[in-house]
Amino acid sequence: MSNRSSGLLSPNQRPDSLHRFGPMGMALVGAWFGFANPILHFPLAILLLPAALILTTLRAQSFAQAFKNGFLTALPGYAASLYWLAIPVHDHGGLPWALALPCPVLIGALLAAYAGLFCMGLHLIRLRISHLLAMLASGLLWASLELLRNHFLTGFSWLTLAQAMAPWPQTLGLAAWIGGFGLSALLVGMSHCLVLGRGFARLAVLPLAGLCLLPALTRTPQVPAATASVSMIQGNIDQGLKWDEGMQAGILGTYLDLSFKAVAENAPDLVVWPETAMPFYFQDPSDLTTGMRLGVSRMQVPVLAGAPAYSIPREPGAPQYVLHNRAYLLNANGESLAFYDKEHLVPFGEYVPLGKWLPFITKLVPGQFEFKPGRNTEPLKTGPLAMGLLICYEAIFPELAQKQVELGANVLVNISNDAWFGRSSAPWQHLHLSILRAVEQNRAIIRATNSGVSAFIGPDGSLRGPTALFTAKIAHDPAIPLLTETTFYHEHFFFIHMTFPMLASALLGFLWWTGRKNHT
């Protein structure tokens, strides 16, 4: 039986230009320009990444070869897009460049392994890979693998396909219905149509693109029940000096001075400082704690600010102290109203996985004791604001934003410190993931960082007032919408996530069975 009649394309049936360019080159260009980078970010370029993986699957003669082809095809693009990982490992982790530079390759290899699994799934249906149902199956398979990556080994949901589209918020509306992973599935389906579709089948990309744009075209303006005026302070504190005890008073003074100016100019309802903006234990009585309380009292405006914290565990054999990455909410008199401790910690940043067996690996954050996840996860409330906190890279996990909205948050707050990553793409990639959380949950996000990018994110994914990197800035929005309406994605969160692997498995099995039957 011919390849055409069986649905399998031979290499000489692929477009010559794509064949000459090569899947690895396509994937590299697609990942580099599709995700935020220092040169040019063109969101639609991301379609080249799954397209390259689909093409390389056609060359595989076995499942092992399909995995190998997918892994090697995706690895350069992922590693290049994660180049910035070498910066904190070298500058703050103390590793020489010879050991720091392989870090993006190692993490890129982890992501490339999922690309290899994707190619194995497509190899299963190689005899029906040009069928329209195969295009749906490939998208669902990709979404399932992104969902797996979100949880496996504590989760690393960085470089998801959907985040590439964040600069074009009009393309993100579907995330309110099927989430960021579902939007990634749609992008893969579009790539599949363009690469393997024939005739009218290739035109299927048009309704897929229309479906992507439909929510933005039909969206009606929301009238929030209330709004809040918020000022954010970007202190731009040098990461190398932040934990120097001799600099603590000066750092506090910098944030207070900028806050006094923000209050005088904008009269906000709330002032937000970034993650660990107070580089001291606010819970302890000290001149710094007193200075902070007096400063807030002078402003007469509530302040949300990050600081390290500790608790003393009571369990037998437990360490003397347990550290927490905390956000404090102070009232207008400087009194502590409530706090939130970070739930999802950064591996090798706030704790060392398998630390007992890897004693030679030190974490990037200084301190004798490791951080532990918090248990107090309720939204922090002041006036009409019910703030769901996401500290640092907690914003990349959809289930954490889901949880905060479920608990009653009418606005999300992401406080972070991306100064670790220098002048790189990481702060923008981090921001783009935060944008997805806003659309998924129909919540504005107040994103305050130490060195940028700080921004106000609308519930439709639009940005207001993004700051430049490594500048001391005051960002202000006089009318943050405080919303209570939830999205279809929020209401059916677990069902949608379970649907991805279930439908993918069903379609892959059906296509495999029919392809095998027709081939024999």
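The views below come from a predicted model, in which local features need pLDDT of at least 70 and side-chain atom pairs count only at pLDDT 80 or more, while totals for chains, interfaces and linings use all residues. Residues are numbered from 1 along each chain as its sequence is written, and side-chain values use heavy atoms, with hydrogens and water left out.

**View 1. Helix 3 packs against helix 4 at an angle of about 165°.** Helices (H or I, at least four residues) and strands (E, at least two) are DSSP runs numbered from the N terminus, and here helix 3 spans residues 23-34 while helix 4 spans residues 48-58, with their axes 7 Å apart. Each axis is a line fitted to C-alpha atoms, for helices over the stretch in contact, and angles run from 0 to 180 degrees between N-to-C directions. The two helices, helix 3 and helix 4, are therefore roughly antiparallel to each other. Where contact means heavy atoms within 4.5 Å, Pro23, Met26, Ala27, Val29 and Gly30 of helix 3 meet Leu48, Leu49, Ala51, Ala52, Leu55 and Thr56 of helix 4. This contact of helix 3 with helix 4 has nine nonpolar, two polar and no charged residues, when Ala, Val, Leu, Ile, Met, Phe, Trp, Tyr, Cys and Pro count as nonpolar, Asp, Glu, Lys and Arg as charged, and the others, Gly among them, as polar.

**View 2. Helix 4 is mostly covered.** Ten of the eleven residues of helix 4 are buried, a term that means under 20% relative accessible area, whereas exposed means over 50% and partly exposed lies in between (1.4 Å probe, protein chains only). Among the buried residues of helix 4 are Leu49, Pro50, Ile54 and Leu58.

**View 3. Helix 10 packs against helix 11 at an angle of about 160°.** Helix 10 covers residues 175-196 and helix 11 covers residues 205-218, and their axes lie 9 Å apart. Helix 10 and helix 11 are therefore roughly antiparallel to each other. On the side of helix 10 the contact is made by Leu183, Leu186, Gly189, Met190, Cys193 and Leu194, and on the side of helix 11 by Val205, Leu208, Ala209, Leu211 and Cys212. By class, the residues in the contact of helix 10 with helix 11 divide into ten nonpolar, one polar and no charged.

View 4. A disulfide is a pair of cysteine sulfur atoms within 2.5 Å, and for Cys103, which is in no disulfide, the nearest cysteine sulfur is that of Cys392, 17 Å away. Cys103 counts as buried at 18% relative accessibility. Cys119 is likewise in no disulfide, and the nearest cysteine sulfur, that of Cys193, is 18 Å away. Cys119 is buried, with a relative accessible area of 0%.

**View 5. Leu159 and Thr276 have positive phi values.** Leu159, which is not a glycine, has a phi of about 60°, and it is found in the loop between helix 9 (132-151) and helix 10. Leu159 is buried, with a relative accessible area of 1%. For Thr276, also a residue other than glycine, phi is near 45°, and Thr276 has its place in the loop between strand 2 (270-272) and helix 13 (287-299). At 9% relative accessibility, Thr276 counts as buried.

**View 6. A cis peptide bond joins Gly452 and Val453.** The omega of this bond is about 10°, and Val453 lies in the loop between strand 9 (445-449) and strand 10 (455-457).

Notes: Parallel < 35°, antiparallel > 145°, perpendicular 65-115°, else oblique.
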